[in-house]
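Here are a few exercises to work through with the model open beside you. Try each task before reading its solution.

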Amino acid sequence: MNPPNTVLGVRLLATAQTLPERRVPTAEVARLCGVPEAIALKRSGVHERRWLSGMETALTLGTQAARDALNRAGLQVDDVDVLLNASGSQLQPIPDGAALYARELGLHGAATYSLHGTCLSFLLALQHAALLIHTRQARHVLIISSEGGSVGLNPKQPESTLLIGDGAAAILLGPPTRPGQGLHATRIETHPAGADHTRITGGGTLRHPNHPTATPTDFTFDMQGLQVLKLASRVVPPFLERLRPGLSSGLPGITRVIPHQASQAGLDLLRRYNWPEEQVEVTLRTLGNVIAASLPLTLHQAVEAGRLGEGDTALLVGTGAGLIAGGVIWEL
């Protein structure tokens with residue numbers, strides 16, 4: 001959370017995205033899961049998503065997005081003081097994924113590390129970057145969120161398979177140029193009653209590849225969407241009030257909402273808060289749920305379309321596995 005009455009000064013310098021070439025319509029995924037197309041569309045709200053193909057990986061996507069963000073900002077890779085990997089899915093357990101991005105970018109000697117909060121990893125990285133810049137520990141921070149979740153889907157679990165898409169976004173941040181530019185409020189809360197509602201049980205020391213009862217399914221995505229929705233509907237309204245009073249019944253001082261694109265049901269929940277649909281940015285229909293990259297990809301779309309610009313105030317908000325609720329109020 002921000003210290004009381006403190007704006008963490010930070011400026012958005014550039015956004016960029018890189019998407020896989022392959023477009024996957026919901027009809028194709030529905031057949032894979034054995035679900036009627038009409039039901040799949042209604043449940044997920046996703047009409048198409050991108051999935052990795054050929055030589056594409058989350059590493060290649062994230063690296064290209066980072067290069068594009070640097071070009072858009074007119075900066076060189078050596079201008080980056082800190083590189084933050086904010087991805088929900090790992091490239092590999094060791095070394096840290098940020099080191100792999102640094103190698104691909106040719107970034108030497110800078111601080112590079114990951115911040116992991118599943119779907120809200122980008123929010124953690126944004127808050128952390130703002131703290132670094134505000135306290136003058138860094139001038140330029142590069143955040144990369146890149147996901148290749150399609151490689152870990154289980155068609156027998158259509159709830160998640162119908163939702164997940166792949167893609168990458170990179171955000172470049174720098175010091176503010178005017179008073180009030182930056183993060184006005186941040187809040188992260190964990191409600192561990194939902195810890196088993198969204199998970200991949202394999203891959204860590206609790207269920208490692210040599211575990212006597214490990215199966216391939218342990219290394220695929222599992223989600224109990226209804227349980228997530230029930231818990232979120234209970235904990236999010238008071239969370240919003242703690243982030244900024246009035247947010248559970250309106251959008252005081254907010255130009256545009258950048259929500260995590262969890263699911264159609266998740267986006268429908270926003271109507272309960274009297275948030276006008278025309279102020280809510282949506283990418284679910286064409287990109288699906290791109291895990292931690294959903295928030296920066298949706299931010300990128302809003303900025304590119306001119307619906308969010310310097311001087312505007314954005315609410316970035318969502319929930320992630322855990323269950324984690326997070327929000328940031330950012331004056332661009």
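A residue is called buried when its relative accessible area is under 20%, exposed when over 50%, and partly exposed in between, using a 1.4 Å probe and protein chains only. The model is predicted, so to speak: local features need pLDDT of at least 70, side-chain atom pairs count only at pLDDT 80 or more, and totals for chains, interfaces and linings use all residues. Residues are numbered from 1 along each chain as its sequence is written, and side-chain values use heavy atoms, with hydrogens and water left out.

**Exercise 1.** Decide whether Leu 287 is buried or exposed, then list its contacts beyond four places in sequence.

*Solution.* Start with location: Leu 287 sits in helix H9, residues 284-287 (helices are DSSP runs of H or I with at least four residues, strands are E runs of at least two, numbered from the N terminus). Leu 287 counts as buried because its relative accessibility is 9%. Next, its contacts (heavy atoms within 4.5 Å) are Leu 19, Glu 48, Arg 49, Gly 165 and Leu 297, leaving aside neighbours within four places.

**Exercise 2.** Work out the strand order of the five-stranded open sheet.

*Solution.* Reading across, the order is E2-E8-E7-E5-E6, with mixed pairing (two strands pair if DSSP finds at least two bridges between them). Strands E2 (11-18) and E6 (111-114) are the edges, each pairing on one side only. Now zoom in on E7 (141-147) and E8 (167-174): they run antiparallel, joined by seven bridges. In one of these, Ser 145 partners Ala 169 of E8.
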